[in-house]
Amino acid sequence: MLRWAIIFFIIALIAAVLGFGGISGMSFEIAKFIAIIAVILFVVSLVMGGMRGRGPRV
């Protein structure tokens, strides 16, 4: 997922250099959205893994 965010960020940079402001802005917003979702999913997986923990040793 983070890979897609980086791809959209690179598209935004290239579009900005070439002067395509609308495409650049939209690509940056998509990249930002995907990166935020990736971070949220990472935090949720950390919390769920911590809550599950290890069972008692028998």
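Reader: What places S24 in helix α2?

Author: S24 falls within residues 21-52, the run of helix α2; helices here are DSSP runs (H or I, at least four residues), numbered from the N terminus. This is a predicted model, in which local features need pLDDT of at least 70 and side-chain atom pairs count only at pLDDT 80 or more, while totals for chains, interfaces and linings use all residues. Residues are numbered from 1 along each chain as its sequence is written, and side-chain values use heavy atoms, with hydrogens and water left out.

Reader: Why is S24 called buried?

Author: Buried means under 20% relative accessible area, exposed over 50%, and partly exposed in between (1.4 Å probe, protein chains only). S24 has 11% relative accessibility, so S24 counts as buried. Apart from neighbours within four places in sequence, S24 is in contact (heavy atoms within 4.5 Å) with A12, A15 and A16.

Reader: What makes α1 roughly antiparallel to α2?

Author: Helix α1 (residues 2-18) packs against α2 at an angle of about 160 degrees, and their axes are 8 Å apart. Angles under 35 degrees count as roughly parallel, over 145 as roughly antiparallel, 65 to 115 as roughly perpendicular and the rest as oblique. The angle is therefore in the roughly antiparallel class. The axes are lines fitted to C-alpha atoms over the stretch in contact, and angles run from 0 to 180 degrees between N-to-C directions.

Reader: Which residues make the contact, and how many are nonpolar, polar or charged?

Author: On α1 the contact includes W4, F8, A12 and A15, and on α2 it includes S24, S27, F28 and A31. The contact residues divide into 16 nonpolar, two polar and no charged. Ala, Val, Leu, Ile, Met, Phe, Trp, Tyr, Cys and Pro count as nonpolar, Asp, Glu, Lys and Arg as charged, and the others, Gly among them, as polar.

Reader: What makes the pair K32 and E29 a salt bridge?

Author: A salt bridge needs a side-chain nitrogen of Lys or Arg within 4 Å of a carboxyl oxygen of Asp or Glu. For K32 and E29 the N to O distance is 3.6 Å, and their side chains meet in a salt bridge. The structure holds one salt bridge.

Reader: Why are K32 and E29 separated by about one helical turn?

Author: K32 and E29 are three residues apart in helix α2, which means about one helical turn. K32, at 38%, is partly exposed, and E29, at 41%, counts as partly exposed.

Terms used: Helices (H or I, at least four residues) and strands (E, at least two) are DSSP runs, numbered from the N terminus.
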